[in-house]
Amino acid sequence: MPDSNPDHSPATRPFDSVAEVVERFAERGYIADRRLATTVFLQSRLDKPLLLEGPAGVGKTELAKKLAEVTGRRLLRLQCYEGQDESKALYEWDYGKQLLYTQMLRDKIGEITADAPDLATAVDRISSQDSVFFSDRFLAARPLLDAIRGEQPAVLLVDEVDRADEALEAVLLECLAEFQVSVPEVGTYQAAVPPYVVLTSNNTRDLSAALKRRCLHLFLDYPDHERELEILRSKRTGLPENLARQLLGVVRELRSLKLRKAPSISETIDWARTLAVLGAQELDAELLSETANVVLKYERDMRHALEVLPQLVDPNREVPEHLPAHGHGHGHGHGHGHGHGHHAHHDDDDVDGRAVRAAKDRPGRFDENYYGAPGSSTRPPSPQRAGGQGHRAFAAATRRRP
């Protein structure tokens, strides 16, 4: 593919082809599919920022880190948060340093104003020296300005931009469109070598059309089973291949449940390492339940998962229809009227994990069941069945052996 920009030098063209992107990222332990590699290749040739959206934990931030490693550029990271102002993103004046210099130059300032006939003249003489104290010497660069005026090429990571206020998006526009930053007291800084800019978003809110228009856009979703297994292999977790495949099957079933936060790829890798450290020879419901907190970070999600884990480990497991009634001293919190019935349930709780997972293996899937999706934070939690069949079956399955 010919380079459309004649200003590009070999130093600013790190990739000769899409295949080279795949290969060099793989050498650094990042498994990129063809679509992602193509987008990275285009970013390096078109000098456009890259906006990555998708659920948390699918490798958006890691991509920026690996891009810096692969290209030999320094990584500058702007972590966004609510209430962040532009001084933390662009620059601020080093007032302490200005004050120190003022004290040190007190005698010189006195000389400048010594023969001033009146106060107004003295003020005018001092104000004529403003450019000395508001100059590059006293400018404290933050990530955006540092990426633009720095002498070394950089990868600028604007992480979780959806968590910042919309006002910060406006501050980003000049930087993203022109690769420049304007400082009123000094002037405009223009990047000698445009940084590679990677913005990430977990979709907690919609980003402005103006911001998206300036970026290449890519939605990163959970990979298919084989690619995720390839990622797991590349991390060398120490878990045997057969157990890694089985673990991924369980994780993908858990993602099909209506969880507040679905297990991410990085958490799955942590779970595999945890099981390897424990010397797991097989995966059973007891072992998985004891370590499920590695991937499940909310109590409601944990309770829901513990009900279905026995079925996920052994899909052919049969649960007896008639089990002894449970006692009433466990504090499950529902009323005890005579008509409530312990087998009453809601459709939301009866999830065929295999069918849902198969439907969600389609490319581009992403709905309200995933953490960070529009409306996910406002959806009321589905009712829980306390002490239902799944709970009793799990209790029986995980009862410790003498």
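**Salt bridges, strands and confidence**

Colleague: What should I know about the model itself?

Modeller: This is a predicted model, in which local features need pLDDT of at least 70 and side-chain atom pairs count only at pLDDT 80 or more, while totals for chains, interfaces and linings use all residues. Residues are numbered from 1 along each chain as its sequence is written, and side-chain values use heavy atoms, with hydrogens and water left out.

Colleague: Back to the pair. Are Glu228 and Arg252 buried or exposed?

Modeller: Both Glu228 and Arg252 are buried; buried means under 20% relative accessible area, exposed over 50%, and partly exposed in between (1.4 Å probe, protein chains only). For Glu228 the relative accessible area is 1%.

Colleague: And what is the distance between the closest N and O atoms of Glu228 and Arg255?

Modeller: The closest N and O atoms of Glu228 and Arg255 are 2.7 Å apart, and the two residues form a salt bridge.

Colleague: How many salt bridges does the structure hold?

Modeller: The structure holds 17 salt bridges. Arg28, Glu62, Lys66 and Glu69 are linked in a network of them.

Colleague: Changing topic: what is the strand order of the five-stranded sheet?

Modeller: The order is β2-β5-β8-β1-β9 in an open sheet with parallel pairing; two strands pair if DSSP finds at least two bridges between them. The edge strands, β2 (74–79) and β9 (216–219), each pair on one side only. On average, neighbouring strands are turned by 20° against each other, direction ignored. Helix α2 (residues 34–46) packs on the sheet, where it touches β1 (50–53), β8 and β9, and its direction makes about 165° with that of β9. Axes are lines fitted to C-alpha atoms, for helices over the stretch in contact, and angles run from 0 to 180 degrees between N-to-C directions.

Colleague: How many bridges join β5 to β8?

Modeller: Four bridges join β5 (residues 154–159) to β8 (residues 196–201), and Leu156 stands opposite Val197 in β8.

Colleague: Which residues is Val198 in contact with, leaving aside its neighbours within four places in sequence?

Modeller: Val198, found in strand β8, is in contact with residues including Gln43, Leu52, Leu67 and Leu156; contact means heavy atoms within 4.5 Å. At 1% relative accessibility, Val198 counts as buried.

Colleague: Finally, what is the average pLDDT of the protein chain?

Modeller: The protein chain averages a pLDDT of 76, and 71% of the residues score at least 70. The pLDDT is the predictor's confidence in each residue, from 0 to 100. Residues 318–351 have a pLDDT below 50, and this stretch has 34 contacts in the model beyond near neighbours in sequence.

Note on methods: Helix = DSSP H or I, 4+ residues; strand = E, 2+ residues; numbered from the N terminus. Salt bridge = Lys/Arg side-chain N within 4 Å of Asp/Glu carboxyl O.
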